[in-house]
Amino acid sequence: MSESSESTPVTPNGKKVTTLRLRRWKSEGRTIAALTAYDYLMAELLDRAGVDIILVGDSVATIVQGLDTTVPATMEQMLYHASNVTRAVQRALVVGDLPFMAYQVNADEALRNAGRLVKEAGVEAVKLEGGKRIAATVERIVDVGIPVMGHLGLTPQSIHKFGTYQVRARSNKEADELRRDAVALQEAGAFAVVIEKVPAALAKEVSKSLDIPVIGIGAGGGCDGQILVSHDMLGLYTRFHPRFVRRYAEMAGAMQEAFAHYVADVRAGDFPNESESY
Ligand code: KIV
């Protein structure tokens with residue numbers, strides 16, 4: 001089916017992004033641009049800028065809540081943030097993260113939680129971490145009509161198992177495991193896979209070998225798409241600066257400067273002035 005013969009809705013920000021279009025873009029070699037959002041305002045800006053996939057990531061735990069890991073993020077928090085994001089988005093595909101322990105216990109619980117993110121928060125797809133181990137769960141969720149995005153390589157929900165955020169799959173054994181996990185996710189019906197912080201050559205090879213799009217983060221330029229945490233690329237979250245993050249702005253400095261300027265103006269009696277008063 002050609003793009004023009006589809007009945008995909010056209011939104012004020014462009015033609016709606018669907019999992020079908022993402023798959024087509026892969027075959028056409030059009031690279032997918034994805035970023036994260038946790039609130040209405042950020043999501044609105046991302047959508048207007050033409051971002052294809054907006055992920056409501058469980059990174060909200062570190063970025064918004066100031067926690068050290070994503071492990072404590074809860075379903076209720078993800079539902080709250082996802083519903084703020086979906087309210088703002090017209091064009092992008094919105095994907096919601098299933099937080100740690102929302103899908104690991106059994107497939108029934110995973111399905112119920114995936115369904116909550118879709119029904120209560122309005123996301124169009126869910127993301128979960130893992131490969132072969134969770135393939136049956138992915139199949140179950142996809143089977144009821146909920147698109148699933150996988151997440152391999154550095155999987156932050158397993159930080160206590162690995163004890164480090166260093167590059168993954170450098171060894172042949174781990175690289176082979178990742179290759180098998182990627183195939184397992186595709187066979188289970190996942191529509192895309194995020195691959196985080198692995199050698200660029202491996203990510204490129206996996207991208208070439210799969211029919212579904214591979215979205216890389218810290219995985220080099222050979223993937224079908226790229227994702228970053230918005231607060232990282234804006235220079236707003238500055239606790240860490242991994243080498244894979246390109247900073248497109250230095251918002252933390254600019255905001256702090258504006259706040260300090262305001263404080264100085266208030267103290268000096270310079271704000272508000274006459275034109276800012278009634
Ligand atoms: O939670 C998140 O923001 C993510 C991205 C880093 C891919 O999973």
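What is the volume of the largest pocket? Some notes on that and a few other things follow.

1. Ground rules. This is a predicted model, in which local features need pLDDT of at least 70 and side-chain atom pairs count only at pLDDT 80 or more, while totals for chains, interfaces and linings use all residues. Residues are numbered from 1 along each chain as its sequence is written, and side-chain values use heavy atoms, with hydrogens and water left out.

2. The pocket. The largest pocket comes out at about 660 Å³. A pocket here is an open set of points on a 1 Å grid over the protein atoms alone, where a 1.4 Å probe fits, with protein on both sides within 12 Å along at least five of seven lines; the volume is the space filled by probe spheres set on the points. Of the 29 lining residues, Pro156, Tyr165, Glu196, Val229 and Asp232 are the closest to its centre (lining means an atom within 4 Å of a point). Helix 3 (60-63), strand 8 (192-196) and strand 10 (225-228) each give two or more residues to the lining. Helices (H or I, at least four residues) and strands (E, at least two) are DSSP runs numbered from the N terminus.

3. Helices 4 and 5. The axes of helix 4 (residues 75-86) and helix 5 (residues 107-119) come within 9 Å and cross at roughly 25 degrees (axes are lines fitted to C-alpha atoms over the stretch in contact, and angles run from 0 to 180 degrees between N-to-C directions). So helix 4 is roughly parallel to helix 5, a label for angles under 35 degrees. Met75, Glu76, Met78, Leu79 and Ala82 of helix 4 meet Asn113, Arg116 and Leu117 of helix 5, with contact taken as heavy atoms within 4.5 Å.

4. Helices 5 and 6. Helix 6 (residues 135-143) also has its axis within 9 Å of that of helix 5, but the crossing is at roughly 45 degrees. The two helices are therefore oblique to each other. On the helix 5 side, the contact uses Ala107, Asp108, Ala110, Leu111 and Ala114, and helix 6 brings Thr137, Arg140 and Ile141.

5. Backbone checks. The Phe271 to Pro272 peptide bond is cis, with omega near -5 degrees; Pro272 lies in the segment after helix 11 (251-267). Met101 is not a glycine, yet has a positive phi of about 75 degrees.

Conventions. Angles under 35 degrees count as roughly parallel, over 145 as roughly antiparallel, 65 to 115 as roughly perpendicular and the rest as oblique.
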